Each structure stands twice: as structure tokens, then as C-alpha cells.
Amino acid sequence: MLVEINNLKIGFQSRTGLHQAVKGVSMTLGTEKLGIVGESGSGKSLTARALMKLLPKQTVIEADKLAFDGIDILAASEKQMRSIRGKRAGFILQDPKYSLNPVKTIGSQVAESWHTHKGGSRRQALEAAIMLLEQVKIRDPKKVAAAYPHEVSGGMGQRVMIAMMLAPDPELLIADEPTSALDATVQAEILRLIEELVSERGMGLLLISHDLPLVSHFCDRVAVMYAGHVVEELKASELLSAQHPYTRGLLNCMPSLIHPKERLPVLTRDPEWLK
Amino acid sequence: MNRRFKSLAATLSSVLLTLFGLTVLTFLIGRVMPVDPVIAAVGDNAPEDVILRARTEMGLDQPIPVQFLHYVYQLAHGDFGMSVLTKNPVAQDIVRFFPATFELATAALLLAALVGIPLGVWAAVRQGSFTDQAIRVVCLAGHSVPVFMLSLISLLVFYSALDIAPGPGRQDIIYDGMIDTVTGILTIDTLIAGDFDAFRDALAHMAQPVIILAYFSMAYIARMTRAFMIDALKGEFVITARAKGLTLATVIWGHAFPTVAVQLVTVIALTYAGLLEGAVVTETVFSWPGIGQYLTVSLMNADMNPVIGTTLLIGLIYVGLNLIADILYRVLDPRVK
């Protein structure tokens with residue numbers, strides 16, 4: 001198993017006490033594509049960031065088990081984490097406008113990723129970076145490598161992000177809403193690219209998304225999160241015919257072009273879901 | 001290319017406009033001040049006809065616009081008039097006094113930046129910790145204790161009581177007149193002369209005023225660096241950098257710090273300008289023969305030409321440093337282009 005999470009709890013200490021945001025999440029991931037869906041604030045991103053130990057210091061993380069390829073993440077030192085981050089697990093963030101460094105060239109940022117984990121000279125790293133940019137289907141990789149993030153489009157930026165995270169050949173890719181900041185037409189392209197590269201390289205993928213049809217289409221399995229819990233886990237192909245009332249509720253909230261609704265229904269929340 | 005030319009033209013025209021404003025302002029200072037330059041030149045007891053003759057000679061009987069044009073004409077020729085006090089042309093005095101201030105200010109700025117920036121970054125990374133609080137207290141003290149007090153205490157402790165620091169002035173009296181003036185910067189001139197004892201002496205004399213000025217500026221630089229870095233460290237790109245598996249040092253200095261460099265340039269340029277305009281108080285306490293002391297002494301003696309001359313110089317320094325900061329922006333931040 002690449003990732004094993006058992007009873008993960010994440011909380012934030014404040015003056016009024018500990019606020020639990022993730023309340024006992026369990027899931028496992030092998031060389032497959034796992035989607036996590038759920039509303040904003042349901043704990044999707046926190047779960048993913050905890051796995052990379054990227055949460056702020058004051059966050060309180062507890063788990064019966066939180067492991068990456070058998071390595072206990074909670075007990076791992078910063079140094080051990082650095083040999084996992086980037087090298088064995090890549091992490092794609094939501095909006096390339098903010099997640100790429102604004103004052104460094106694209107080429108140098110991708111090259112840095114390669115150089116950090118594979119060594120070699122700066123020149124080799126830059127050549128590798130250009131190759132990687134080509135792999136993510138950027139047409140003029142040399143020109144893009146010399147450009148700064150603000151000079152490229154959102155879709156292009158996300159391709160750069162993917163190239164950067166795939167540079168050290170990781171085994172797992174975590175994508176935290178990789179397409180939410182992009183235009184609808186570009187979203188599909190980026191996801192197809194991620195899927196292609198992940199399948200080609202035989203990697204595991206953890207895809208966090210709001211977009212239920214998209215996840216059901218691209219992933220093997222889906223975990224549905226609600227208020228810090230996984231309320232349902234099922235095969236992606238069965239997502240659209242899910243039985244859990246929360247998942248049904250989410251599906252009901254989607255506007256449809258073919259059957260337009262006068263008003264979109266509002267979720268009626270049942271405390272039973274949290275049991 | 002065209003756009004770059006346009007932005008250059010815009011910058012230059014704003015510089016010219018500022019310079020024009022500066023000449024008008026200094027000209028007005030000379031007219032508005034309740035000091036009669038004629039009396040100041042010939043003295044209170046001069047007979048009436050001498051005063052009248054001097055007034056005509058100085059062109060003060062002309063209408064104001066004519067006087068202004070004459071003033072601009074003189075400035076354009078580097079003529080700031082004569083100093084009554086030193087009996088020298090003001091331009092010559094400035095050339096003599098400015099290097100002392102330049103030396104002091106530059107050394108203080110370098111020290112302030114070299115200590116202040118790392119301290120600020122450190123405080124930002126350890127935000128809220130004991131280290132952060134300690135740095136904050138040190139900086140607050142540096143910025144709130146008056147410089148003259150620190151200077152006097154320093155002289156009292158290190159010069160008078162402990163006798164480990166030299167007294168006021170730029171050099172010991174035995175080296176007076178021994179070193180040829182080449183650049184006016186004593187540490188460089190002594191090195192050119194090859195006199196290492198004099199060099200050490202010059203350094204020792206600089207130590208106290210430089211450290212005190214640097215402490216004051218360091219406090220400001222550290223505080224601003226901390227604020228900028230706290231903002232930068234919140235950026236998503238910092239998460240990206242960490243997710244790439246970079247060391248903390250690379251994340252901080254290689255990713256977060258370069259994004260605040262532009263803001264820091266402004267802070268440092270303004271700090272430098274503030275130091276260059278003559279740390280009036282520090283120069284007075286340490287009898288440092290710089291531009292600040294020149295300005296103060298002239299002002300107290302109603303010697304208006306040096307006052308106007310140094311005011312112009314200080315204005316020029318501000319304009320020049322702002323221009324340099326503007327150019328550095330373009331180099332440091334690709335987004336500005």
C-alpha cells in the first residue's frame with residue numbers, strides 16, 4: 001500500500017479550545033486513482049496536506065496510522081520528509097497564479113525540482129526541465145522555460161506545475177483541486193494530461209475535487225467527505241448512482257443543461273450522517 | 001521597446017519636475033527666511049551706502065522672477081554662492097564635507113542591512129516565538145531611544161570611563177594634515193597613502209557613530225523585513241517550494257526572500273537617503289565634520305547660501321536614490337516590466 005490512513009484527526013488549537021476539522025478519516029491508496037470529493041471545509045485538503053506534513057506547526061495531528069509506503073509520517077523527521085516530498089510524492093496546488101514563484105523563471109523552477117532530487121549540473125537540470133515541459137505538451141518549451149509565471153496562461157501554468165512535480169519521478173501524485181482555477185475547456189485537457197502521465201508511469205493519484213462527474217470519470221475509487229468524515233467510499237463508476245443521502249444531495253445540487261431546474265435544491269443535513 | 005522608452009520618458013520627466021520643484025522651493029527659502037542676506041554679509045554696523053551697494057551687487061534689487069532666473073543660471077553652473085562663515089564657495093565646502101557624511105552613512109547602511117535583514121527574516125520565520133519577541137524588543141529600543149542619548153552614553157562609557165574608544169572627530173590629532181585628500185573618504189585615503197596606523201585610527205573613530213547610526217537604521221530595516229517576509233511566507237508558492245522537498249533555508253532564501261527584495265530596495269534607499277542627509281545630531285555629538293554639521297552651523301549663523309546649497313544636495317540625493325530604486329525594481333522583479 002502506498003498510502004495508509006487510519007483514524008486521522010486534524011485540529012486547530014485556539015483560545016477557546018481545540019477545534020477538530022478532520023474527525024477520524026481512514027483510507028488507503030495503492031497504484032490507483034482515488035478521488036476525494038466533498039464540500040468546501042469538509043477536510044479534503046487538510047487530509048492531503050497532512051500526508052505530506054505541510055500543515056502549519058500549530059496544527060494538531062493525530063492518527064492510529066498515517067503512513068506513506070510504510071513510513072510513519074507522524075514520527076518522520078523534517079529530513080525524512082524531504083526525501084518523500086517531491087522525490088516520492090508530488091503535490092499539485094490549485095492555482096498556478098499563486099503556487100508558482102513569481103520572480104523565478106519557469107525553467108529554473110522545474111530545474112530546481114529535478115536538481116534537488118537527482119543531482120547533476122545546473123545545465124543538465126535545465127535540459128531535463130525543457131524535456132519535462134515537452135512531456136506536458138508545451139509547444140515551445142525553450143521559450144516557456146525562459147518565461148516568468150505571470151507571462152503564461154493558467155492552463156500553461158498548471159502544465160508547468162505538473163512538469164515540476166513529476167520531475168523527480170515520484171510514485172504518488174496528490175492533486176488538490178488542480179483544475180478549479182482554470183477555464184472549463186482547459187480543465188479537461190489538464191485532467192487528461194494528469195491521467196495519461198499517471199497511467200504511463202504507474203503512479204498512484206490522489207485527486208481532490210468539487211467536480212463529481214469529473215471524478216467519476218477519471219478515478220477508480222471515490223471517497224466522499226463531509227464535515228471531517230468519510231461518509232462513503234465507492235467505485236468511481238458507481239458515484240453517479242450513489243445511495244448515501246449526502247452524496248445524493250450533492251448530485252442533486254448540480255445544475256443540468258438538459259433538465260433545467262427552476263431552483264437548485266438546498267442540502268438538508270442529517271446529523272445521522274456523522275455516525 | 002516602445003513601451004520601455006515611454007516608461008523611461010515618464011520617469012525622466014517626473015525627475016525633472018521634482019528637480020524644478022526643488023529649485024523653486026530652495027529659492028523661496030532664501031527669500032522667505034527672516035534673514036537679510038545683505039546684513040549677514042556686510043554686518044550690522046555697515047554704513048547705509050555699503051549696504052545699498054552690496055544689495056545691488058548681490059542682485060537683490062531686481063524683480064523676483066529675474067532673481068529666480070539668475071539663481072537657476074548660477075545653479076546650472078555649479079555656483080551655490082559664497083559661505084560667509086567659511087569664506088569659501090559653498091560648492092567647495094560641500095565637496096570637503098560631504099565625503100565624511102558619505103563614509104559614515106555608507107558604513108552605517110551596510111552594517112544595518114547586513115544585520116537587519118537576517119534578523120527580520122529570522123523573526124518572520126519564528127513568528128510569535130521568544131526569538132521574535134527578543135528581536136522586536138531590541139528593534140523597538142533602537143528606534144525609540146534618541147540617537148543623541150545613545151551617542152552621549154557611548155562616549156561617556158567607552159571613551160571617558162573605559163577609555164577603549166577614541167574621542168570625537170574623524171581622526172587623531174597627530175594624523176591631522178598627514179594624509180593627502182584624494183577621495184575625501186578617510187579610510188580609503190589612508191589606504192592610498194599606505195598608512196595603516198592612520199587607517200586603523202580612522203576606523204576606530206568611525207566605530208561609535210557608525211554603530212549607533214546603524215542600530216537606529218537596523219531597527220527599521222529589520223522591522224520592515226519581518227513584515228514583508230511574514231506576508232511572503234503565507235504565499236502558496238512557499239507550500240509548493242516545500243512540497244518540492246527543498247530545505248527550509250532554500251525555501252526561505254531562495255523562494256520567499258526574492259519576492260520581497262523589491263520592497264526592501266525602497267526601504268533601504270530611503271534609509272540611505274536619511275543617513276546621507278547628514279545625521280545632524282550624531283555628527284554634532286561626535287564633532288564629525290560632515291554635511292549635517294555644516295548645515296547646522298550655517299543655519300545657526302544665518303548663513304543662507306550653505307543652507308540652500310546643502311538642502312539642494314539633500315534633495316538631489318533623494319531624487320537620485322529614488323531613481324536608482326526605480327531601476328532596481330525593473331531588474332529584480334520581472335513583473336514590473
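A polar contact is a pair of N or O atoms within 3.5 Å, of which, within protein, one must be able to donate a hydrogen and the other to accept it. In this predicted model, 10 residue pairs are in polar contact between chain A and chain B, both residues of a pair being at pLDDT 80 or more.

In chain A, 28 residues are in contact with 19 residues of chain B. Together the two chains bury about 2,100 Å², with 59% of this area on carbon and sulfur atoms. Leu54(A), Arg82(A) and Val103(A) lose the most area on the side of chain A, together accounting for 25% of what that side buries. The rule finds two salt bridges across the interface. Lys244(B) and Glu112(A) meet through their side chains in a salt bridge, with an N to O distance of 2.9 Å.

Chain B also carries a nonpolar surface patch of about 960 Å², whose members include Phe148(B), Leu152(B), Ile153(B), Leu162(B) and Val280(B). Helix 7 (147-161) and helix 12 (280-285) of chain B each give two or more residues to the patch, and helix 7 of chain B provides the largest share, seven residues. Ile153(B) lies in this helix 7 of chain B. Because its relative accessibility is 41%, Ile153(B) counts as partly exposed.

Note on methods: Residues numbered from 1 in each chain as written. Chains lettered and ligands numbered in written order. Predicted model: local features only at pLDDT ≥ 70, side-chain atom pairs only at ≥ 80, totals over all residues. Heavy atoms only, no water. Patch = residues over 30% accessible without salt bridge, like charges linked within 9 Å, V, L, I, M, F, W, Y side chains within 5 Å. Areas by Shrake-Rupley, 256 points an atom, 1.4 Å probe, with all protein chains shown as cover. Salt bridge = Lys/Arg side-chain N within 4 Å of Asp/Glu carboxyl O. Helix = DSSP H or I, 4+ residues; strand = E, 2+ residues; numbered from the N terminus. Buried < 20%, exposed > 50% of the residue type's maximum accessible area, 1.4 Å probe, protein only. Contact = heavy atoms within 4.5 Å. Buried area = accessible area lost by both parts, 1.4 Å probe. Polar contact = N/O pair within 3.5 Å; in protein donor to acceptor, adjacent residues only side chain to side chain.
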